[in-house]
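Try each task before reading its solution.

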Amino acid sequence: MNLYLVLAVNSITLGGLLFLLSSGFSLIFGLMRIPNLTHGSLFMLGAYLGASLAVWYRLDFWLAAILSAVLVAAFGGLIERLLLRRLAGNTLAQVLVTLGIAFMIADACLMAFTGDPITVPTPAGLVGAVRSFGVVFPIYRLVIILIAVAFAVALWLLLDRTRLGAMIRAGVDDPDMARIVGIPVPRLFTIVFCLGAALAGFAGVIGAPILSVYPGLDFDMLPLALMVVILGGTGSLLGSLIGSFIIGFLYNYGQALLPELAYFVLFLPMLVMLLVRPQGLFGRQAP
Amino acid sequence: MTARGGALIVTVAVLAAAPYWLPGSYYVNIATQILFYAIFALAIDLLIGYGGLVSLGHAGLFGLASYVIAVVVAAGWGHFAAIALALAVTLAATGVFALMALRSIGIGFLMITLALGQILWGLAYRWISVTNGDNGLNVDTRPAPFGFSLNQASAFYYAVLIVFLIVVACVAVFVSSPFGASLRGTRDQPRRMNALGYHVCMIRFCACLFSGLLTAIAGILFVYYNQFISPQTLALTASAEVVLMVISGGAGTLLGPIVGAALVVIMKNVASAYIVRWNFLLGAIFVAIVIFMPEGLVPGTVRFMRWVRKSLAGQFAGLVPGGEARR
């Protein structure tokens with residue numbers, strides 16, 4: 001019984017990280033109509049930057065996290081401005097470019113940070129665990145859950161209550177019409193891409209004490225983000241949230257109970273969802 | 001005889017004589033790799049070039065065929081049974097995957113195939129009791145069809161060459177058949193094809209199955225060539241390499257993927273002699289080709305030659321009788 005409770009906490013934690021990762025992915029997909037295949041790499045890049053800032057330069061963990069999020073956002077902005085912008089209208093080329101960049105980031109990280117995994121210590125003050133209901137909950141994991149919830153609320157407020165959010169929603173619904181009424185859609189592309197990159201980079205850093213940072217982290221996370229979006233539906237914040245927790249639970253329980261088939265466990269919900277409701281839980285019918 | 005037919009006969013003759021004019025068995029092995037990767041690239045080209053469906057999960061199917069061979073041969077069954085089972089399992093998996101991925105077309109297809117490919121990779125990596133995990137599996141023997149041993153590099157090359165020529169002929173017949181035409185129709189105008197009474201989804205499904213069959217053949221040749229299979233073969237980079245072969249050579253052509261396969265295999269072998277960072281180079285080439293030569297080398301070269309001929313014709317138009325009229 002104890003094991004299952006601990007697993008549940010871990011699953012919610014992973015779900016929170018996945019939400020940070022996949023909400024940006026889903027927003028970019030919704031607005032720009034491309035799956036950003038560098039998203040896992042941005043996660044890993046953030047993790048490596050944060051780890052090197054926190055471990056090698058002895059920066060405060062949270063400062064390192066924010067700094068790497070900003071750096072990754074700037075990098076994402078460069079990708080969008082310099083490469084994706086040139087290929088506007090050619091979705092396939094854009095996707096292939098993001099894939100090419102993902103390989104380059106993976107190899108550059110391997111070169112810069114070597115193949116040894118880097119373990120990032122849990123930030124000071126959050127080490128240890130709280131004891132309640134006879135179960136031990138690690139504090140840091142609870143903090144991650146809180147952060148994810150805070151981000152979910154903030155993102156919802158941003159999208160639902162601000163002018164920028166309204167413009168993004170308009171762009172997601174009908175980019176051509178949004179352009180006609182004078183919404184600067186290309187600028188939105190850059191903003192959303194930077195936002196998504198920042199979220200991914202930040203998630204990478206705060207996930208580092210749990211997952212550790214290793215080469216291959218990028219293509220471990222990318223399929224999970226894809227599956228969240230396939231399950232939850234694209235362009236929907238609620239879909240990302242629910243999808244993240246479903247995948248978080250399945251992946252963690254799968255890893256603990258059927259370690260040899262951990263990835264394969266994710267196959268079945270995907271199969272069922274695609275056959276029953278191909279647009280995902282909260283996705284709209286493809287136009 | 002047409003110039004095309006002549007070129008074909010010369011090419012086949014050059015390929016058949018390759019073990020004699022290539023300087024050593026190392027080069028014969030590279031030629032073998034080019035041939036089975038060309039089969040793999042043709043399989044993907046059917047989907048990308050003719051069907052407009054970009055798959056990033058094909059390395060999973062390729063690896064699946066290889067793993068079935070390795071497991072079945074290790075269990076003591078014959079090579080014939082192993083090959084038959086590998087083809088059947090891969091086709092079945094392709095059917096299920098196509099059913100899932102075809103629920104959404106365009107970019108959704110790419111996303112779902114990527115996820116499915118990674119699931120197969122995860123299975124190969126983690127299902128240690130069957131796949132031996134990261135250490136991979138060995139295949140100790142090669143089959144000996146009709147009593148011919150394939151242990152020599154050149155003997156194996158001929159076996160692969162025969163399969164390759166059959167595959168190319170089949171694909172050529174396929175794409176020029178009415179079915180191939182309807183597949184191109186679903187690529188360009190799916191709604192119109194639907195209105196004309198074609199079953200768009202069924203056409204795509206059949207194309208996926210054919211592509212999966214060719215992928216299985218390539219995977220079987222691969223595992224008998226290397227006599228070893230590990231999860232590396234199923235990685236996303238492997239899928240991307242083959243997509244690169246197709247788009248660098250030119251998607252939607254028969255020759256393009258073959259040229260692309262030769263290019264990527266040679267580049268990989270040459271590059272790995274000098275640098276360790278093949279993946280970085282792969283990514284960089286990807287970005288460069290997509291930005292500078294999006295239609296691929298073969299159509300790009302054809303366009304370039306046409307442009308050269310046209311500008312030459314323009315220059316001498318006054319001198320050639322009828323040249324002016326042709327412009």
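**Exercise 1.** Find which residues A:Val97 touches, not counting residues up to four places away in sequence.

*Solution.* Apply the contact criterion, heavy atoms within 4.5 Å. Within chain A, the partners of A:Val97 include A:Leu83, A:Leu84 and A:Leu87. From chain B, B:Val287 and B:Val290 also touch A:Val97. Finally, A:Val97 counts as buried because its relative accessibility is 0%; buried means under 20% relative accessible area, exposed over 50%, and partly exposed in between (1.4 Å probe, protein chains only).

Before going on, note that this is a predicted model, where local features need pLDDT of at least 70, side-chain atom pairs count only at pLDDT 80 or more, and totals for chains, interfaces and linings use all residues. Residues are numbered from 1 along each chain as its sequence is written, chains are lettered from A and ligands numbered from 1 in the order in which they are written, and side-chain values use heavy atoms, leaving out hydrogens and water.

**Exercise 2.** Is B:Leu91 buried or partly exposed?

*Solution.* Start with its place, helix H5 (residues 79-101) of chain B. With a relative accessible area of 31%, B:Leu91 is partly exposed. Leaving aside residues up to four places away in sequence, B:Leu91 touches B:Leu209 and B:Leu213.

**Exercise 3.** How many residues of H2(A) are buried?

*Solution.* In H2(A), 15 of the 18 residues are buried, so the helix is mostly covered. Just after H2(A), look for A:Arg58, which takes a positive phi of about 55°.

Technical notes
Helix = DSSP H or I, 4+ residues; strand = E, 2+ residues; numbered from the N terminus.
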